[in-house]
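User: I am new to this structure. Please show me how to read its features.

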Amino acid sequence: MAALDELTDSYDQARADEAFTAELDDLLSTYAGRPTPLTDARRLTERIGGARILLKREDLAHTGSHKINNVLGQCLLTRRMGKTRVIAETGAGQHGVATATACALLGLECVVYMGEEDTRRQALNVARMRMLGARVVPVTSGSRTLKDAINEALRDWVATVEETHYCIGSVMGPHPFPMMVRDFQRVIGVEARAQMLERTGRLPDAVVACVGGGSNAMGIFHPFIPDTGVALIGCEAGGDGVATGRHAAAIAGGSAGVLHGMRTYLLQDDDGQTQVSHSISAGLDYPGIGPEHSLLHETGRATYRVVDDTAAMEALALVARTEGILVAIESAHAFAGAFEVARELGPDATVLVNCSGRGDKDVDTAARWFGLLDADAPTRA
Amino acid sequence: MHSRLDACFAAAREEGRSLLVGYLPAGFPTVDGGIAAMRAMVEAGVDVVEVGLPYSDPTMDGPVIQDAADAALRGGVTTRDVLRTVEAVAATGAPILVMTYWNPVDRYGPARFAADLAAAGGAGTITPDLPPEEAGPWLAAAAEHGLDSVFLVAPSSSDERIERVAGIASGFVYAASLMGVTGARAQVGAQAAGLVDRVRAATALPVAVGLGVSTAAQAAEVAGFADGVIVGSALVRVLLDAERRGLGEQAALEGIRALAADLAAGVRGGVPASA
């Protein structure tokens, strides 16, 4: 608790300090490549035959996803707190790569905890983190995925808190993390809102994003919350389908509980034991969801849909062939949800999709799924 | 109101010694095997038993307790089994505390858990991840059933934090000897004695020190400045080793008795030759 109090105080001071926000803004524009563009997905719109689809291109941010926004903020804060070491958890590896990148830039020691299962399915990102000077620790406890990487990072943190900051990668964990990460990711929605007004002359009818912990969704949703005419739609990972029990949809298939220092919806059994989540997307393969999403769900300000593995992979292929964008499997969940929404709203509407990351890391998984490797038999026809 | 824990600390104080708290998880190696091990440690001199409720995400525990909890969960242990364990071990007369992460209690229903724990003969709970700020409903349920609620402080805790914890705790205050997870350490943190002093300045409640204590010599050292000495991983390791080496239940119980007897001598200021 002492560490969380210290972090809350430091963050409160930093965000009120113009020098801190100016340095972060400068890094976001001169290093991370912000603002990211808004792309009119014309061929995709035509193909779906519904609302006009526009894409917020977080895949074009440095390191290939929105994760850099949060990490630059937290690593600047680390330095401001006088700490020299940063630890992080990662699922798909995008947050780990972003953290390793910011640590290299700011001269901080970096250790990334990653479930052993994930180090296998995202091997490219493991190599990237090591190239950037980070130590990657494969986690062999529990289900060997993201939730266990978080457990291991928390165990590290309690023993090293004097010199270490735990750079959580999503809008989850104990206060102040969900608020702080949301604040650092708000830039997505602030930019997108202005870009939509400039490009289309009005606000979108719906904003769609994928949700694991939910940082890209919270980042793009938050500036639109007062715009009550804008539907906010999160897409949870349905894995093999919620009915099979093999999924990662905390809102659709979970219940309220406490995990990793937050009260939120989570996958649990009758005894309150966390259940193992399943998704083809390592980045969404988490049994909980950020607490503010649970709030938006309960107040009805945002709605949440489920996109299963098959629908996500079909969306991934369609976006690649119509727009020439190979998106991350995480983001493909948002696209699959957006296709439904676009058809429901019809051609007069506009739908803004958060294209949260690029898919280079997923080429191996996608190639196996679609049977594109000459040596492999396809896992799905 | 005087709880069973209060009486137990008072009796130890009469004898001029610290009290020994022993931890084992319910359901390891089996529910009945766990009960037998807990009974054995009470017979050998453990004063208070901490029954661990195995949890899927034990972020405060090191590898030894994680391994045992994982095995217990794979074996299908349930919250009901934990309560059955409490009932069976309470029959020895020793006060029994359930050490649990919060979500299983939240799921069971705090009021129902308090009622069932009291009915099983339990003396209270230790809840490492229940912040005092969120503890109100639990404290009310626990008080209604005469249960003690033990909370933790750490070397990083501010004096304000310690006062806040001491203000709601009953039974004793659990002082973590160092910053880190459970598990045996070569040395018990030098920070422990200072932390105990700070807790004493805030409350008249007894202070027990846990994390890292594994030998009679360490127990004796901690007994020199704390009202209670808490040992967990070292006892769990005896069961894990017996399991891994295929030694059978009797050998495991003998190991538990031997270590518990050493530790009991330790809190009495003596360090046996075997230590």
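Analyst: We go from the interface to salt bridges, rings and backbone. This is a predicted model: local features need pLDDT of at least 70, side-chain atom pairs count only at pLDDT 80 or more, while totals for chains, interfaces and linings use all residues. Residues are numbered from 1 along each chain as its sequence is written, chains are lettered from A and ligands numbered from 1 in the order in which they are written, and side-chain values use heavy atoms, leaving out hydrogens and water.

User: How many residues does the contact take from chain A and chain B?

Analyst: Contact means heavy atoms within 4.5 Å. Chain A gives 27 residues and chain B gives 25 residues.

User: What area is buried between chain A and chain B?

Analyst: The size of an interface is often given as the accessible area lost when the parts come together. Buried area uses a 1.4 Å probe and is summed over both parts. Here the figure is about 2,000 Å², and carbon and sulfur atoms give 43% of that area. On the chain A side, A:Arg155, A:Asp271 and A:Gln273 supply 31% of the area that chain A buries against chain B, more than any other three residues.

User: How many salt bridges does the rule find across the interface of chain A and chain B?

Analyst: A salt bridge puts a side-chain nitrogen of Lys or Arg within 4 Å of a carboxyl oxygen of Asp or Glu. The rule finds two across this interface. A:Arg263 and B:Asp106 meet in a salt bridge, at 2.5 Å from N to O.

User: Which element gives the most to the side of chain A that touches chain B?

Analyst: Helices (H or I, at least four residues) and strands (E, at least two) are DSSP runs, numbered from the N terminus. H8(A) gives the most, with seven residues.

User: Where do A:Lys83 and A:Glu6 lie?

Analyst: These two form a salt bridge, with the closest N and O atoms 3.3 Å apart. A:Lys83 lies in the loop between helix H4 (67–80) and strand E3 (85–90) of chain A, and A:Glu6 in helix H1 (residues 2–15) of chain A, so the pair ties together parts that are 77 residues apart in sequence. Over all chains, the structure holds 40 salt bridges.

User: Which residues do ring pairs link into a cluster?

Analyst: Rings of Phe, Tyr and Trp (its six-membered ring) pair if their centres lie within 6.5 Å; planes under 30 degrees apart count as stacked, over 60 as edge-to-face and the rest as tilted. The cluster holds B:Trp102, B:Tyr108, B:Phe113 and B:Trp138.

User: Now the backbone. Which peptide bonds are cis?

Analyst: Most residues other than glycine have a negative phi, and most peptide bonds are trans. A cis bond joins A:Arg34 and A:Pro35, with omega about 0°. Another runs from B:Phe28 to B:Pro29, with omega near 0°. A:His260 is not a glycine, yet has a positive phi of about 50°.

Notes
Buried area is the accessible area (1.4 Å probe) that two parts lose on being put together, summed over both.
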